[in-house]
Structures are given as C-alpha cells and as structure tokens.
Amino acid sequence: MECIKWEQQGLLYSSGELTETEKHDYEEHLSQCIVCRDELDTYQTQKSTLFTQFLAEPTTPDLDALVYKRCAHKLHTSPFLFSTVIKKTVLSAFFLGLGFAGTGYFVYVKNDAKRSAIQAARTPEIRETTPAAVPESPDEPLMVAVDDSVKSGPDSSQRKPFSETLGKISARGVTTVDVKQE
Amino acid sequence: MTETEEDRELFGQWMKGDPTGFSRLYEKYRFRVFGFLMRMTGGDREKAEDLMQDTFVAALRNSDQFDPSRSFLSWIFGIAHKRTIDYFRHSKVESEHEQDTAGSVGSKIDSPDVRFSNQNLRSLINEAVEKLDPVQREVFLLRELGDVPFKEIAKIMNCPINTALGRMRLALRNIRKELEKRGIHGVH
C-alpha cells in the first residue's frame, strides 16, 4: 500500500525543504498515516546505516596528489583587471586589430603597386638626350643626337646636322623655331 | 557555525589563494564525490579518477559562479553530474544491461544466512544501486551522497520537481526490494 503524500511531501520533509506550515501539516498527517510513518522510518534507517556509510568510495593517494597539484593553488589576480571576461575581450580585440592591420597593409601595398604600374603606363618616357654639341664656330652646323623617335635610318643615337634633324622633326608635326647662330 | 557557513569560509580562503581552504574542503567531500563518479561510470575507476580531476578543475575555473547562499557540496555535485553527462555524450557506453557486472563495484552476492560484514553490506548496497534505472540512480546518488535538495536536483536534471521526487521514490522502493531479496530487512 502506498500513500501519495509520501512522494509529494514525505521526501521533501526528510530533506528539510518544506515550509514551516507545510512541515506542521505533514507531521499531523504522519501521526495518522501508518504508510508514511513506515516509509519515513525505513528511509531514515537505511540512510544512516547503509547509504551514507557505504556509497562513498575511498580515493587513492595518487589521485589526491594529482587533484591537489592541479587545484590547490589558485593564482591571486586582481579581480577587475584580470577577470576572465575582460581578459578574453582584450585578447579578442587585440587579435582582431592585428588582423585588420595586416589586411589593411597588404591591401595598401597591392594598391600601391597597381597605382605605380598605371602611372608608369600613362606617363610618356622621359627621353634622355645628350646635350647638343655647341659648334666651336658659326660655320659649323649645330649637331644634335638623334634618338629613336626621329631616327632616319636603322642607326640610332647618331649625331647629325641640326638642319637635317629639323626637317625630319617638322615632318613629324613638331613646331620648330629658327635659331639664328651668330 | 553551520556546515554551509564553514564551507563558504573555506571556499573563500581557497579563492584568495590559500591552499588550506581547498585541502580541507577536498578532505571533507572527496569520498562522496568519488563514490558518485564511480557509480555513475559503472565502476570504471580510471574514468572516475579522470572525472574527479575534471570536476575540481572545473570548480576552480568557474569559481566566480559559486553562489554563497548555496551549499558547496550541492554545487560540486552539480559540476560532477555535468562532467559525467558530458563524458557519456562523448564516449560509446554500453547499455546498462550489457555491462559486465564482474568488473563493477561490489558485485559479490552473499546468501541471506551469511552475517553481514561491512564489506558484504557495501557490496550489496552497491549492487542494488547499480541495478537501478539510470535516471533513478542519478537522483538517488545526488540526494544521498551530495545532500542536494530536490529543488536543485530538478534543475540539475532539467526536469520538474515532481518527476525528481517520483524517481527518488522508485529508487528507494527498488533498492529496498533488492536488499530484502538478500535478507536485509530494516537494518539497524
């Protein structure tokens, strides 16, 4: 035979979880219910003679030493600066920042190289020409080096009379200025 | 000073870096925690020892979550229970009925005529507990070894309190039946 009150209240009574009013009510019930009294008596007896004594299991000294080694000494740290949450947040922000900085640098270098290449393609080459050889006498023609763009033949960088060069330059649409030699 | 207050003080010492606080708490409850883990792992000593270390390391790591109004023992048992559940989730565990009882805790069966020595009683009670349904065993061990209140057991096991009470009632009834089969009636 079972009494529903044993399950609903008896166990809570034995664990001390009933309020004062509930405890008083259950004790009143106990005085009248033989089933609950028997259940409570058996449980308390088994608890004190069997459960508490024989359910626990001894540990070995080796296990105790291991647990002690890992747990006994808690590092004393400032609770504000080194709390777990703050530490994790700071570390996450640091690595995130590092990642962004790295990515930003990489993108900058790549774009810079691209920019330089584009600029190089647009800007005409600055052609190096040797300065015109100034003739020692007015009768000597002004000699200029001829670069590849106005070369008249397969030979390049040849010195030719300026008048000859002038004609060729005019043919290519370059405005010329008469230079009077004195 | 009540036991809860004393434990709270020892815990505070431990958290301040004084190893004495830890060693006194550990000395007080190690057999009960280990007994719980041994029975939850079906007598696998190696696993129980691993879980024992995991439990106290987890307690150290989550020390800021300890509620001083709560009993230290209940809290540590809650951690031990969680570590055990995680262990079962990540390992292949044979069904309770297929487990080799020869390797389990206290499997020796004595005839009712034999006088019950402490060792015999230990074996008998352990066998009775091992035969329980897993959820009944959990509630029973949390209550009897950990002194965990039923309201907390319900939270730990994520079930209504009436379910926890029902499981405990069935566990007590089944243990009593097993003990009576072996001639133990109303031990005093």
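## Helix α1 of chain A

A:Q9 is a residue of helix α1 of chain A. With a relative accessible area of 19%, A:Q9 counts as buried, because the cut-off for buried is under 20%. Leaving aside residues up to four places away in sequence, A:Q9 is in contact with A:L18 and A:Y26.

The buried set of α1(A) consists of A:W6, A:E7, A:Q9, A:G10, A:L11 and A:L12. What do these buried residues of α1(A) pack against? Within chain A the partners are α2 (20-30) and α3; from chain B they are α7 (150-156) and α8 (161-181). After α1(A) comes A:G16, which has a positive phi, near 75 degrees.

## Chain A as a whole

Chain A contains six helices and two strands. Read from the N terminus, the order of its elements is α-α-α-α-α-β-β-α. Chain A has 182 residues, and 25% of them count as buried. Taking the contacts in chain A between residues at least 6 apart in sequence, 28% link residues at least 24 apart.

## The contact between the chains

The contact draws on 38 residues of chain A and 52 residues of chain B. Together the two chains bury about 4,400 Å², and carbon and sulfur atoms account for 61% of that area. Between chain A and chain B there are eight salt bridges. One of the side-chain pairs in a salt bridge is A:E57 with B:R122, at 4.0 Å from N to O. Polar contacts between chain A and chain B number 19 residue pairs, with both residues at pLDDT 80 or more.

On the chain A side, α1 (4-14), α3 (34-54) and α4 (61-71) each contribute at least two of the residues that touch chain B. Which helix gives the most to this side? It is α3(A), with 12 residues. Sorted by class, the side of chain A that touches chain B holds 16 nonpolar, 12 polar and 10 charged residues.

A:L63 belongs to helix α4 of chain A. Is A:L63 buried or exposed? The residue is buried, with a relative accessible area of 2%. Its contacts, not counting residues up to four places away in sequence, are B:Y26, B:F34, B:E49, B:M52 and B:Q53.

## Two loop residues of chain B with positive phi

B:D147 sits in the loop between α6 (134-144) and α7 of chain B. Its phi is positive, near 55 degrees, and the residue is not glycine. B:D147 is partly exposed, at a relative accessible area of 35%.

B:N158 is in the loop between α7 and α8 of chain B. B:N158 is also a residue other than glycine with a positive phi, near 55 degrees. How accessible is B:N158, buried or exposed? B:N158 is exposed, because its relative accessible area is 71% and the cut-off for exposed is over 50%.

## Confidence in the model

The scores for the model are ipTM 0.79 and pTM 0.64. Mean pLDDT is 75 for chain A, where 60% of the residues score at least 70. Among the elements of chain A, α2(A) has the highest mean pLDDT (95), and helix α6 (residues 162-171) has the lowest (50).

In chain B the average pLDDT is 84, and 85% of the residues score at least 70. The stretch of chain B with pLDDT below 50 noted here is residues 96-114, which has 34 contacts in the model beyond near neighbours in sequence. Where pLDDT is low, predicted coordinates should not be read in detail.

Definitions and conventions. Residues numbered from 1 in each chain as written. Chains lettered and ligands numbered in written order. Heavy atoms only, no water. Contact = heavy atoms within 4.5 Å. Buried area = accessible area lost by both parts, 1.4 Å probe. Polar contact = N/O pair within 3.5 Å; in protein donor to acceptor, adjacent residues only side chain to side chain. Helix = DSSP H or I, 4+ residues; strand = E, 2+ residues; numbered from the N terminus. Nonpolar A, V, L, I, M, F, W, Y, C, P; charged D, E, K, R; others polar. pLDDT = per-residue confidence, 0-100. Buried < 20%, exposed > 50% of the residue type's maximum accessible area, 1.4 Å probe, protein only.
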